[in-house]
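This briefing is meant for a reader who is meeting the structure for the first time. Please keep the sequence and the 3D view open while going through the points below.

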Amino acid sequence: MGSRNLSSGIPLDTADTVLERHLLVDTNKKAISGDKGSLTNRDQNGVLGQVSSPTSSGRRDMFSRSFSGAKSPTDDVDLEDGEEAKDREKITRSHIKIHNQALLSGLAYCLSSCSMILVNKFVLSSYNFNAGITLMLYQNFVSVIIVSTLSSFSIISTEPLTWRLIKVWLPVNVIFVGMLITSMFSLKYINVAMVTVLKNVTNVITAIGEMYLFSKQHERKVWAALFLMIISAVSGGITDLSFHAVGYGWQILNCFLTASYSLTLRRVMDTAKQVTKSGNLNEFTMVLLNNVLSLPLGIVLIFVFNEVDYLSETPLLKMPMFWVVITFSGFLGLAISFTSMWFLHQTGATTYSLVGSLNKIPLSIAGILLFKVPTSLENFLSILFGLLAGVFFAKAKMRERSQS
């Protein structure tokens, strides 16, 4: 379960999936930063032009002023220098503010995404809660309540959920729900570090899907990184001391569903925009769409997987602290949506992708330490190898994006 969001809608979305959604929404980050850069250059050029005034004309003005008493333009130089200094100070302060915003948003995104996975693991394993679909359903319900409340107070904007939009979005939502459920099931049986490494397989499936469905060609470095990911996943599974066949089966299925979600989203996005009133589909609307549509499907699946009998017998639902923890997980899921969007807008797709990959390293270490996962040197090195392969992949994708 990588990061949740859209999850937030997505209790367990991956950073790559969130980035894909944001890129489809089109933040126009580069255009904005380009305008700011050109504006800064113009300001600096103007400052340099004003400072480099001809000295010969200054001398002539001083000479004529001594006889005529006229005021020379050089008398205004000090005032101009003062105004220029203030302008430079404002520019410096704005740069510091932008840097602080980027740092703060990055920390918020990393903390929320790591916490989401660890809290879910805690609920499923430490509490031994055997109703993953119910957990997903409750988290999505919390997200619906929060997003609807914020929208009603005009704090955020969302598109009306019309029947035309729902019909277009339904295939995406079915895959979305399957992605969440399989992520829950795999996390119950597999440790956090191995889940993180195995999720790299999603990138391999997505790359192959892009090649066949969208005729997209990838560079050799991208394929090399994907090959390293496969090696790390295989070696990690072989050396996993807590190997669980059922958990690995759910995780492999999750990789296929996550890749399908990303690929299907690209096909549906343009059509979905056309059936909205504004002709646009922002992140909050997608969060609301996915979570609202997941509720009836989730209720059906609770009966299909016979979680009703378990819920009627488990004493966990009578524990106030348990409700606090799962409600908190619902807030975290939504927090990933907000912080990922904030971080992406403050930095860009390149930084977001790289930080998302680097964030998996402390997450994996925390998962091993907090849940006292038995591991060997071989398994630890396989996990580290897989995480570094993820960073290599992120950098290769950055280079590919910049060239395209």
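This is a predicted model: local features need pLDDT of at least 70, side-chain atom pairs count only at pLDDT 80 or more; totals for chains, interfaces and linings use all residues.

G356 counts as buried because its relative accessible area is 7%, which is under the 20% limit. This glycine belongs to helix α14, which covers residues 349-358, and although 243 residues of sequence separate G356 from S113, the C-alpha atoms of the two are 9.2 Å apart in space.

**The chain as a whole**
- The chain holds 16 helices and 0 strands, and of its 404 residues 48% are buried.

**Nonpolar cores**
- The largest nonpolar core has 72 residues, and within it V123, F129, M136 and W169 are the ones that touch the most other members.
- Helix α6, which spans residues 163-189, gives this core its largest share, namely 14 residues.
- When neighbours within four places in sequence are left aside, W169 is in contact with L265, V268, M269, A272, L281, M286, L289, N290 and L293.
- Another core, of 9 residues, lies apart from the largest one, and its members include V222, A225, A389 and F393.

**Helices α8 and α9**
- Two packed helices are described by the angle between their axes together with the distance between those axes.
- For helix α8 (residues 201-213) and helix α9 (residues 220-239), the angle is about 140° and the axes are 8 Å apart, so α8 is oblique to α9.
- The crossing of these two helices, α8 and α9, is left-handed.
- On the α8 side the residues that meet the partner helix are V201, N203, V204, A207, I208 and M211, while on the α9 side they are W223, L226, M229, I230 and A233.
- Sorted by class, the residues in this contact of α8 with α9 comprise 10 nonpolar and 1 polar, with no charged residues.

**Helices α11 and α13**
- Helix α11 (residues 283-304) packs with helix α13 (residues 320-346) at an angle of about 160°, and their axes are 11 Å apart, which means that α11 is roughly antiparallel to α13.
- The crossing in which α11 passes α13 is right-handed.
- From α11 the contact takes in E283, F284 and V287, and from α13 it takes in L334, S337, F338 and M341.
- By class, the contact of α11 with α13 is made up of 5 nonpolar residues, 1 polar residue and 1 charged residue.

- As background, most residues other than glycine have a negative phi.
- Because its relative accessibility is 45%, N306 counts as partly exposed.
- K372 is not a glycine either, and it has a positive phi of about 50°; this lysine is found in the loop that runs between α15 (360-370) and α16 (377-403).
- With a relative accessibility of 73%, which is over the 50% limit, K372 counts as exposed.

Conventions. Residues are numbered from 1 along each chain as its sequence is written. Side-chain values use heavy atoms; hydrogens and water are left out. Axes are lines fitted to C-alpha atoms, for helices over the stretch in contact, and angles run from 0 to 180 degrees between N-to-C directions. Helices (H or I, at least four residues) and strands (E, at least two) are DSSP runs, numbered from the N terminus. Angles under 35 degrees count as roughly parallel, over 145 as roughly antiparallel, 65 to 115 as roughly perpendicular and the rest as oblique. A crossing is left-handed if the near helix is turned anticlockwise from the far one by less than a right angle, and right-handed if clockwise. Contact means heavy atoms within 4.5 Å. Ala, Val, Leu, Ile, Met, Phe, Trp, Tyr, Cys and Pro count as nonpolar, Asp, Glu, Lys and Arg as charged, and the others, Gly among them, as polar. A nonpolar core is a set of buried Ala, Val, Leu, Ile, Met, Phe, Trp, Tyr and Cys residues joined through side-chain atoms within 4.5 Å. Buried means under 20% relative accessible area, exposed over 50%, partly exposed in between (1.4 Å probe, protein chains only).
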